[in-house]
Amino acid sequence: MTSRATCAECGIPTASYEAVEVTTDGGACRLLCSRCFNKEMAERAGLRRFEHPRFVPVRLHDADGVAHEFHFRTLLFGDDRLSLEAFELESDGDPGGFKVHVLGDPNGDPFALLAKLVGKMRRLVSMKHVRNDSAGLQIIDQTVRGRVEWDHVENANTPCVVVDGKRISWDDFGAMLMAFEGWQFKLELRDPGDEI
Ligand SMILES: [Zn+2]
């Protein structure tokens with residue numbers, strides 16, 4: 001169930017992942033839908049011809065043939081950066097699972113940016129790094145790509161990782177690594193927009 005927020009500008013209920021909290025010059029906070037947020041940003045940045053692109057969800061199949069529904073969020077940051085994100089939704093309506101992100105030119109073709117993003121989405125869902133069989137979770141090859149996230153435990157200092165679009169606890173991730181006891185590893189942290 002997607003939780004909803006009401007945009008302070010247009011008054012239209014919007015999915016919480018589409019809502020952006022904006023602090024006004026006077027210090028007050030306003031919740032805007034992404035369309036109203038982008039409209040204000042475009043006016044401030046002098047982008048008179050900018051139009052907020054709205055993309056319908058896309059379904060892609062992973063390496064096991066399982067369908068994943070991606071939702072989109074487009075946010076304008078100044079006159080030179082348009083952020084386009086795709087993500088799945090958790091049961092609480094927050095973004096989770098597979099996530100992909102690209103940055104583009106606000107004056108460029110939004111569908112070209114979408115095509116770039118979809119290319120990244122396809123490559124991401126086609127990869128499989130972990131399998132779950134009778135022996136439990138196991139690393140298939142010798143490379144694991146994923147994302148570090150909060151594990152939803154208040155005051156805990158351990159993260160969880162999201163691999164193949166699935167959340168894996170830090171303990172389970174450690175147990176998978178025990179199959180490689182004595183091996184070396186190289187941990188490289190990369191920006192969310194990088195392709196890994
Ligand atoms: Zn609005």
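**Domain contact and zinc site in a predicted model**

User: In this predicted model, how much area do domain 1 and domain 2 bury between them?

Analyst: The protein chain is divided into domain 1 (38-126) and domain 2 (130-180). Of the area the two bury between them, 41% is on carbon and sulfur atoms. The buried area comes to about 440 Å².

User: Which residues in domain 1 lose the most area to domain 2?

Analyst: The contact takes 5 residues from domain 1 and 6 residues from domain 2. On the side of domain 1, three residues together make up 66% of what that side buries. They are Gly97, Phe98 and Lys99.

User: How many salt bridges does the rule find across the interface of domain 1 and domain 2?

Analyst: The side of domain 1 that touches domain 2 has 1 nonpolar, 2 polar and 2 charged residues. Across this interface there are 3 residue pairs in polar contact, both residues at pLDDT 80 or more. The number of salt bridges found is 2.

User: With which residue does Glu90 form a salt bridge?

Analyst: A salt bridge needs a side-chain nitrogen of Lys or Arg within 4 Å of a carboxyl oxygen of Asp or Glu. For Glu90 and its partner, the closest N and O atoms are 3.1 Å apart. The partner is Arg167.

User: Why is the arrangement around the zinc ion tetrahedral?

Analyst: The zinc ion is coordinated by the SG atoms of Cys7, Cys10, Cys33 and Cys36, at 2.2 to 2.4 Å. Along the chain these donors follow the spacing C-x2-C-x22-C-x2-C. Four donors count as tetrahedral if all angles lie between 85 and 135 degrees. The arrangement is tetrahedral because the 4 donor atoms subtend angles of 104 to 117 degrees.

Technical notes. Residues numbered from 1 in each chain as written. Predicted model: local features only at pLDDT ≥ 70, side-chain atom pairs only at ≥ 80, totals over all residues. Heavy atoms only, no water. Domains from an automatic or database assignment. Contact = heavy atoms within 4.5 Å. Buried area = accessible area lost by both parts, 1.4 Å probe. Polar contact = N/O pair within 3.5 Å; in protein donor to acceptor, adjacent residues only side chain to side chain. Nonpolar A, V, L, I, M, F, W, Y, C, P; charged D, E, K, R; others polar. Donors = N, O, S within 2.8 Å, 3.2 Å for Na, K, Ca; no water. Tetrahedral: all angles 85-135°; square planar, octahedral: opposite > 155°, others 65-115°.
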